[in-house]
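Please work through each task before reading its solution.

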Amino acid sequence: ADYGYTPDVESTNSTHLETKHTLAQRDSDLRFVQRLARRNGFLFWITCNELGIETAHFKRPPLDGSAAADLVINLKSPSLPSIDINWDVERPTSVIGMQMDLNNKENIDGAVAKTSQTILGKQSLMDITGDIRSVHLATPVDDSGDLLSRGEGVLIESDWFIHASCQTDLITLGKPVRAHTIAELRGAGSRYSGKYFTAGINHSIDAENHRMNLELVRNGWGA
């Protein structure tokens, strides 16, 4: 808010007390907020409405709701000439989090059994692998809430096992695609069709057209 933005902030379970582990800032405000966002499985981005009001969002990826863009390939009236899709299922599906409270010598349990995100498909990464692949999280914390948030953040980041890149333009699609929104991919087969999260966009605008290079991610298979 001090920078003139309207805050859209989601609360976390983390606490940082000066009498215990102090949260120190050693870099710029932007890098500091981005570091806190990644630690809790959040994103930090800014949107602007038609009135010029800018909102700064600090929360987890918005995955619920209908798609804001319809991307079509291999069907009538396609909006994509091609799409590159790659996937990697060698990722953790659970977190083992255990620490010791230095004040009372008790154990702090921050285990996370599965991702807390909405699955953009019929099968999650755990459903596909058929087993539990755990990663051990060791970080200094003062309570289970902080350790749990960090564990969920690890799984949210590893959850995006499908990455896709494609290009479209404003004339073909009829509207611009915005980052951190949901896009619906149709015509890519039963495995890859469905909802994707728009992780990033590069806009190229000249006198003739407005081209958009999209980076899409997904945490599930099946339309």
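**Exercise 1.** Into how many nonpolar, polar and charged residues does the lining of the second largest pocket divide?

*Solution.* The model is predicted; local features need pLDDT of at least 70, side-chain atom pairs count only at pLDDT 80 or more, and totals for chains, interfaces and linings use all residues. Residues are numbered from 1 along each chain as its sequence is written, and side-chain values use heavy atoms, without hydrogens and water.

Step 1: a pocket is an open set of points on a 1 Å grid over the protein atoms alone, where a 1.4 Å probe fits, with protein on both sides within 12 Å along at least five of seven lines; lining residues have an atom within 4 Å of a point.

Step 2: the second largest pocket has 14 lining residues, with Phe42, Leu43, Pro61, Glu157 and Trp160 nearest its centre.

Step 3: this lining comprises nine nonpolar, three polar and two charged residues.

**Exercise 2.** Identify the element with the largest share of the lining of the second largest pocket.

*Solution.* Helix 1, helix 3 (144-158) and strand 11 (194-205) each contribute at least two lining residues. Helix 3 has the largest share, three residues.

Technical notes:
Helices (H or I, at least four residues) and strands (E, at least two) are DSSP runs, numbered from the N terminus. Ala, Val, Leu, Ile, Met, Phe, Trp, Tyr, Cys and Pro count as nonpolar, Asp, Glu, Lys and Arg as charged, and the others, Gly among them, as polar.
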